[in-house]
Amino acid sequence: MTTTKSVLWTKNYLIDCVICFLINLAYYLTMVVITDYTLHTLHASLSVAGLACGIIILGALAARLFVGRSIERIGTKLCLYVGLLVFLLSAIANLWTQNIVLLCLVRFIQGVGFGAASTATATIMAQMVPSERRGEGTSYFSMFVTLATAIGPFAGLYAYQDGDLSLNLMLSSILLLIGCVLTFMLVPPKSVLPATAAATKKWASRYHLSLK
């Protein structure tokens, strides 16, 4: 008897993987140069520069602690929208950061957006991958993260010229904007939202945001 293997490479799975790649690529475009920028442009100490670099991780951790418990209630697609928009707006805001305190604040918010968006893409992937191909689907999804980890630092250092972070931030913003467009095209697996999420679903529909 022959069995048909469940389809893994659907349009939605591929879109989700590409969004994940764009999110991580945008993250590494600034992560690898922020310490040098803080040291030489904002004239911060080495310890403060390290804080400016690492505080985005604290923001991502804070987001994942919250999103992990409530993502099914608010909806995976709405969570992805919000995460991408927060990440995008904070990347744009970085263009006007002129002191270390403001930079750390904006980068923390950036981490919140990154954590929410990356958690949402991983959750959507886990929902849409067939159970019998879960390991294979997760491996391919992780490959997109690894690819961004390989390309991002090189692209970030190449774009960073004479201590000017503007090009890195603009490239990150473009990538995240593309991610927002792809999210609009993404159709995650349907699930039943609990009653407490009815108000959220109604609010999202006003702005033409499909939760599922």
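Helices here are DSSP runs of H or I with at least four residues, numbered from the N terminus. One of them, helix 7, spans residues 166–185 and holds Ser172.

This is a predicted model, where local features need pLDDT of at least 70, side-chain atom pairs count only at pLDDT 80 or more, and totals for chains, interfaces and linings use all residues. Residues are numbered from 1 along each chain as its sequence is written, and side-chain values use heavy atoms, with hydrogens and water left out.

Back to Ser172: contact means heavy atoms within 4.5 Å, and beyond its neighbours within four places in sequence, Ser172 touches Ala26, Leu29 and Thr30 in this way.

How exposed are a few of the residues? Buried means under 20% relative accessible area, exposed over 50%, and partly exposed in between (1.4 Å probe, protein chains only).

| Residue | Relative accessible area | Class |
|---|---|---|
| Ser172 | 1% | buried |
| Arg133 | 11% | buried |
| Glu136 | 27% | partly exposed |

Arg133 and Glu136 also pair up: their side chains form a salt bridge at 2.9 Å, N to O. The rule asks for a side-chain nitrogen of Lys or Arg within 4 Å of a carboxyl oxygen of Asp or Glu, and by it the count is one salt bridge.

Now for confidence. pLDDT is the predictor's confidence in each residue, from 0 to 100; the protein averages 86, and 87% of the residues score at least 70. Over residues 192–201 pLDDT stays under 50, and the model has 14 contacts beyond four places in sequence for them. Where pLDDT is low, the predicted coordinates should not be read in detail.

Technical notes
Helices (H or I, at least four residues) and strands (E, at least two) are DSSP runs, numbered from the N terminus.
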